[in-house]
Amino acid sequence: MTKEASHSDGPSPSTLEGEAARWAAALDAKADETPEGLDAWLAQNPRHAGALLRAQATLALFTPPLQLVPEAEPETPPSLSQRAIGWLTRHRMRVASGGALIAAGIAGLLLYAPGADRYATGTGEMRQVTLAEGSSLSLDTQTSLKVEMESDARVVKLAEGRTLLRVRHDATRPFRVKAGAITITDIGTVFQVIRRGDAVTVLVSEGMVEITAPGGKLRLGAGQTASFDGKANLGGMPEAQTVSPASIERATAWTNGRIELDGERLDAAIDEMNRHNQLKITLTDPALGAEKLYGAFRLDDPSGFARTAALSVGAQARDSGETIRITK
Amino acid sequence: MSSPSVPSPEIIRWVATHVVPQEGAVRTTLRRLNVSESDADDIIQDAYCRFAALTCVAHIDRPGAYFMQTVKNLWRDQLRRAQIIRFEDFTENAESFVEPEAMGIEAVCAARQQLRMVEAMLAKLPERCRTIFTLKRVEGCSQKEIAARLGVSESVVENDVQKALRLIQAEMRATADATGDAPTRENGQLLDERGITQRRTIALNA
């Protein structure tokens with residue numbers, strides 16, 4: 001108990017638990033109302049949100065178990081509405097990209113060159129492109145690329161941005177992605193290429209690719225990634241890094257309209273959000289940029305992101321309408 | 001706009017199912033690594049803050065491991081800030097963070113662990129608190145319905161819910177791993193605990 005007194009900062013655990021228990025009990029009494037003063041209490045200390053969650057989750061242990069562990073009851077089919085929501089979530093991207101595809105078709109007509117199609121996405125726009133031979137490309141925001149179909153090769157030239165490719169294997173017509181000086185040749189696979197200026201990162205989630213760079217050749221298998229820094233790697237070659245399935249899922253979460261973070265830096269996450277949104281987030285204190293973030297966020301909800309990110313690094317988000325500033 | 005809000009029912013359920021029942025195991029692990037009680041409290045509080053900031057949990061397919069991983073990262077950050085160990089020391093010690101899912105019985109295990117915990121907690125509550133929590137759990141009664149059944153005012157029920165919650169949370173903090181394979185010595189050397197870590201699957205850096 002003497003240890004509790006030496007607790008580093010903020011209220012002692014038992015004080016915090018007591019306060020959180022009061023709010024959890026009040027919320028449990030009237031589920032539809034936010035008790036008066038709760039918002040102020042939550043805003044007082046970033047730890048309060050966590051303490052409230054712990055108290056509410058502890059209380060939720062004492063609700064009927066069927067509600068609590070739905071995944072442990074596989075024989076209960078999902079309700080119609082749940083299925084409808086699932087379907088909507090799964091298909092929203094596709095429905096949205098249907099419109100984009102039509103737009104892309106028009107753009108393709110305007111920019112028509114023999115055997116080549118150009119695709120570009122603006123800020124906040126994402127696009128799904130299916131090629132005639134069956135391969136498909138997801139284009140992230142602010143991405144520009146050209147598809148060239150030739151009789152002996154399929155070539156995507158990535159000028160800028162990020163694309164996830166699901167390639168239909170065809171040994172007679174290799175599939176290549178050219179990103180500046182780097183060429184990635186597919187050997188039947190799903191992989192992602194990011195180009196920011198001259199820096200290129202390749203991540204393979206299925207199958208294998210072969211990369212040709214000024215410094216030599218490199219093969220990447222499923223679960224491997226390699227980053228080419230445009231300047232530093234003119235002579236040398238990067239090593240293939242192995243990444244976990246969870247990291248791959250995080251790295252490709254943008255295809256589902258999400259950003260997933262597992263200890264990434266705040267400034268990098270803000271760059272990513274800003275690429276996707278007109279409403280920009282700025283950091284007033286650069287030191288905050290090194291803070292680590294965890295969690296999943298919608299790419300199209302900059303204010304939600306700024307609010308939760310600020311909370312988890314002990315800062316505040318101020319929305320001025322034109323920008324959102326994260327400040328201590 | 002800049003203030004945090006009440007967590008969604010989805011997050012609360014997820015934390016109740018996968019996080020709260022693991023708290024004992026996490027505390028035991030931290031204790032085994034010679035993390036002080038107050039530092040462990042800080043780390044676990046911070047982990048809950050991280051979960052409160054989640055807007056979606058559907059992507060977390062191994063929730064127990066996620067909790068362990070979050071705690072492990074927080075502990076690593078704390079050590080880095082304090083600059084008291086070399087990174088290799090961390091990597092080695094981090095092996096005591098085990099992944100319950102790796103045993104392939106995650107759902108069953110979580111449900112059973114939760115049931116055992118709930119029963120143990122119920123047994124320790126004062127009588128009226130126990131009645132209230134049993135009515136909630138077994139019959140899914142609201143506080144209002146419970147008040148009507150017991151013939152007391154709603155504020156009495158709310159007070160008892162609050163009191164019971166406080167007791168249960170304090171108990172959770174005091175109880176280390178309830179699953180039975182907690183080490184007997186609090187400050188035992190990690191290498192001496194290898195028997196335990198080998199029986200379970202080891203979580204390395206994800």
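Me: What order do the elements of chain B run in, from the N terminus on?
Reply: From the N terminus on, the elements of chain B run α-α-α-α-α-α-α-α-α-α, that is, 10 helices and zero strands. Helices (H or I, at least four residues) and strands (E, at least two) are DSSP runs, numbered from the N terminus. This is a predicted model, in which local features need pLDDT of at least 70 and side-chain atom pairs count only at pLDDT 80 or more, while totals for chains, interfaces and linings use all residues. Residues are numbered from 1 along each chain as its sequence is written, and chains are lettered from A, with ligands numbered from 1, in the order in which they are written.

Me: And what does the secondary structure of chain A come to?
Reply: Chain A has nine helices and 18 strands.

Me: How much of each chain counts as buried?
Reply: In chain A, 37% of the 328 residues count as buried, and in chain B the figure is 42% of 206 residues. A residue is buried if 20 or more other C-beta atoms lie within 10 Å of its own, exposed if 12 or fewer, and partly exposed in between, with C-beta atoms placed from the backbone.

Me: How many residues are in contact between chain B and chain A?
Reply: The contacts involve 54 residues of chain B and 65 residues of chain A. On the side of chain B that touches chain A, at least two residues come from each of α1 (9–18), α3 (37–52), α4 (63–82), α6 (106–124), α7 (127–139) and α9 (154–174). The helix that gives the most to that side is α3(B), with 11 residues.

Me: What's the make-up of that side by class?
Reply: The side of chain B that touches chain A has 26 nonpolar, 15 polar and 13 charged residues. In this count, Ala, Val, Leu, Ile, Met, Phe, Trp, Tyr, Cys and Pro are nonpolar, Asp, Glu, Lys and Arg are charged, and the others, Gly among them, are polar.

Me: Let's look at Ala57(A). Where does it lie, and why does it count as buried?
Reply: Ala57(A) lies in helix α4 (residues 46–60) of chain A, and it counts as buried because it has 25 C-beta neighbours inside 10 Å. Leaving aside neighbours within four places in sequence, Ala57(A) is in contact with Ile12(B), Val15(B), Ala16(B), Val19(B) and Val20(B). Its C-alpha atom is separated by 9.1 Å from that of Ala24(A), 33 residues apart along the chain.

Me: What is Val15(B) in contact with?
Reply: Apart from neighbours within four places in sequence, Val15(B) is in contact with Leu53(A), Ala57(A), Val20(B) and Phe51(B).

Me: Which residues touch the most other members of the largest nonpolar core?
Reply: Ala24(A), Leu53(A) and Val15(B) do, in a core of 85 residues. This core draws at least three residues from each of domain 1 (2–71) and domain 3 (257–327) of chain A, where domain bounds come from an automatic or database domain assignment. A second, separate core of 31 residues includes Tyr119(A), Leu139(A), Val209(A) and Ile211(A). A nonpolar core here is a set of buried Ala, Val, Leu, Ile, Met, Phe, Trp, Tyr and Cys residues joined through C-beta atoms within 7 Å.

Me: Is α2(A) mostly covered or mostly open?
Reply: It is mostly covered, with 12 of its 17 residues buried, among them Trp23(A), Ala24(A) and Leu27(A).

Me: Switching to strands, how does β4 of chain A pair?
Reply: Strand β4 (residues 144–149) of chain A runs antiparallel to strand β1 (residues 116–120), joined by five bridges, and Ser144(A) is the bridge partner of Ala120(A). β4(A) also pairs in the antiparallel sense with strand β5 (residues 154–166) over six bridges, with Lys146(A) opposite Lys157(A). Strands pair if DSSP finds at least two bridges between them. β4(A) and β5(A) form a hairpin with four residues between them.

Me: Which residue other than glycine has a phi near 50°?
Reply: That is Gln142(A), found in the loop between β3 (136–139) and β4 of chain A.

Technical notes:
Two residues are in contact if their C-beta atoms, placed from the backbone, lie within 7 Å.
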